[in-house]
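Try each task yourself before you read the solution.

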Amino acid sequence: QVQLVESGGGLVQAGGSLRLSCTASGSISRVDNMGWYRQAPGMQRELVASMSSSGVTWYPDSVKGRFAISRDNAKNTVYLQMNNLKPEDTAVYYCNADPPWSDYGVLIYDGQGTQVTVSS
């Protein structure tokens with residue numbers, strides 16, 4: 001199996017920045033889409049960024065212009081640069097592979113997420 005591990009979360013003041021990392025224990029360069037989701041208490045999971053294997057990105061309006069996703073295939077890592085953070089960005093952030101199969105056909109398991117807390 002391939003495991004995703006998220007890191008980089010923390011406590012930051014409004015207007016600050018964080019860079020999240022999601023590292024896979026196996027090769028994910030050919031995964032069609034890698035995405036970052038977030039889930040706040042009592043809320044549904046929300047997709048906040050995705051990037052295809054060809055580099056096409058997508059963001060919802062709520063984070064467009066503030067968040068940027070990138071992939072480093074050599075390091076099997078996906079990043080989420082978050083700038084101008086707002087209190088409403090507070091959530092646990094997870095990365096996800098779609099479809100959940102590594103370059104060698106091994107199932108990819110989601111990680112535990114990383115907590116991001118933005119104070120006002």
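**Exercise 1: the cysteine pair**

Cys22 has a relative accessible area of 1%, so it is buried. Keep in mind that you're looking at a predicted model.

Task: work out which residue Cys22 is joined to by a disulfide, and what parts the pair ties together.

Solution, step by step:
- Start with the count: the structure holds 1 disulfide.
- Now find the partner. Cys22 is linked to Cys95, with 1.8 Å from S to S. The cut-off for calling a disulfide is sulfur atoms within 2.5 Å, and this is the kind of link that makes a covalent bond between the sulfur atoms of two cysteines.
- The cut-off for buried is under 20%.
- The link of Cys22 and Cys95 is right-handed, with 50° about the S-S bond.

**Exercise 2: the surroundings of strand 9**

Task: decide how many residues of strand 9 are buried, then list strands that pair with strand 9.

Solution, step by step:
- Count the burial: 7 of the 8 residues in strand 9 are buried, so the rest of the structure largely encloses this strand.
- Take strand 4 (residues 33–39). Strand 4 pairs with strand 9 in the antiparallel sense, over 7 bridges. For one of the partners, go to Arg38: its bridge partner in strand 9 is Tyr93.
- Then take strand 11 (residues 114–119). Strand 11 also runs antiparallel to strand 9, joined by 3 bridges. Here Ala91 stands opposite Val116 of strand 11.

**Exercise 3: a loop glycine and a surface patch**

Task: is Gly111 buried or exposed, and which residues does Gly111 touch?

Solution, step by step:
- Locate Gly111: you'll find it in the loop between strand 10 and strand 11.
- Read off the accessibility. Gly111 has 10%, so it counts as buried.
- List the contacts. Leaving out residues up to four places away in sequence, Gly111 touches Gln3, Leu4, Glu6 and Tyr94.

Task: which residues make the nonpolar surface patch of about 290 Å²?

Solution, step by step:
- The patch is made by Trp101, Leu107 and Tyr109.
- Tyr109 belongs to strand 10 (residues 108–109).
- With a relative accessible area of 36%, Tyr109 is partly exposed.

Key: Residues numbered from 1 in each chain as written. Predicted model: local features only at pLDDT ≥ 70, side-chain atom pairs only at ≥ 80, totals over all residues. Heavy atoms only, no water. Patch = residues over 30% accessible without salt bridge, like charges linked within 9 Å, V, L, I, M, F, W, Y side chains within 5 Å. Areas by Shrake-Rupley, 256 points an atom, 1.4 Å probe, with all protein chains shown as cover. Salt bridge = Lys/Arg side-chain N within 4 Å of Asp/Glu carboxyl O. Helix = DSSP H or I, 4+ residues; strand = E, 2+ residues; numbered from the N terminus. Buried < 20%, exposed > 50% of the residue type's maximum accessible area, 1.4 Å probe, protein only. Pairing = 2+ DSSP bridges. Contact = heavy atoms within 4.5 Å.
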